Amino acid sequence: MTRDRDVRSPGTETVPTLGELEAQEHRLVFRRFTHDDAWALGSLLVETARERQAPVAVDIHRAGQQLFHAALPGSTPDNDAWIARKRRVVERYGSASYLVGARYRAKGTTFEESSRLDPDRYAAHGGSFPITVENVGVIGAVTVSGLPQLEDHRLVVEALERFLHRK
């Protein structure tokens, strides 16, 4: 394992570097984020997941309130538990759950080994991304669960890029 890369296994793709993950967070910032924005972003995520027949659950929280939730065919109650655990990482660290895990891996350890947080309540696995508002900061999280963690992360990032590009 190199400093800022995490190779899943021989013969598979590598994950983004820490710099690439941090650049995503700097780029994917809202001017504002309303209830209607949550509905539109959540609907976009559901539409994208349906096109791919992805068995995911989608969740959007803002300031402690759930603004959107959908569970697609093939998802299970376990996905809701994963959503809560990944979202808590975003709320605590102000960064994407995948990025938080990658920072620990870059130090040669894991989130579970070194964070001192209860793994039943926190999971630094991909799929939860901060909702950041310009001149305000992190106000919530958009989270997907049901795919391998890098795919969950990429699905959220792709939807955020499409959504913000429309605005």
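This is a predicted model: local features need pLDDT of at least 70, side-chain atom pairs count only at pLDDT 80 or more; totals for chains, interfaces and linings use all residues.
Helix α6 (149-166) lies across strands β3 and β4, and α6 runs at about 125° to β4, where contact means heavy atoms within 4.5 Å, and where axes are lines fitted to C-alpha atoms, for helices over the stretch in contact, with angles from 0 to 180 degrees between N-to-C directions. The helices (H or I, at least four residues) and strands (E, at least two) that I name are DSSP runs, numbered from the N terminus. Residues are numbered from 1 along each chain as its sequence is written, and side-chain values use heavy atoms, with hydrogens and water left out.

Helix α3 (77-93) lies across β1, β2, β3 and β4, and runs at about 155° to β4.

Now to the sheet itself, which is open and has four strands in the order β2-β1-β4-β3, with antiparallel pairing; two strands count as paired if DSSP finds at least two bridges between them. Because β2 and β3 (128-133) stand at the edges with a single partner strand each, one side of each is left without a neighbour in the sheet. From one strand to the next the twist averages 15°. Between β3 and β4 the antiparallel pairing extends over six bridges, and I131 stands opposite G140 in β4.

Let me turn to helix α2. At the start of α2, a side-chain oxygen of T34 comes to within 3.3 Å of the backbone nitrogen of D36, and just after the helix Q53 takes a positive phi of about 55°. Among the buried residues of α2 are D37, L41, L44, L45 and V46, buried meaning under 20% relative accessible area, with a 1.4 Å probe and protein chains only. The elements covering the buried residues of α2 include β1, β2, β4 and α6.

Finally, which loop holds S75? S75 lies in the loop between β2 and α3, and is buried, with a relative accessible area of 18%. A polar atom of the S75 side chain lies 2.7 Å from the backbone oxygen of L72. Leaving aside residues up to four places away in sequence, S75 touches P55, V56 and A57.

Note on methods
Buried means under 20% relative accessible area, exposed over 50%, partly exposed in between (1.4 Å probe, protein chains only). A polar contact is a pair of N or O atoms within 3.5 Å; within protein, one must be able to donate a hydrogen and the other to accept it, and residues adjacent in sequence count only if both atoms are side-chain atoms.
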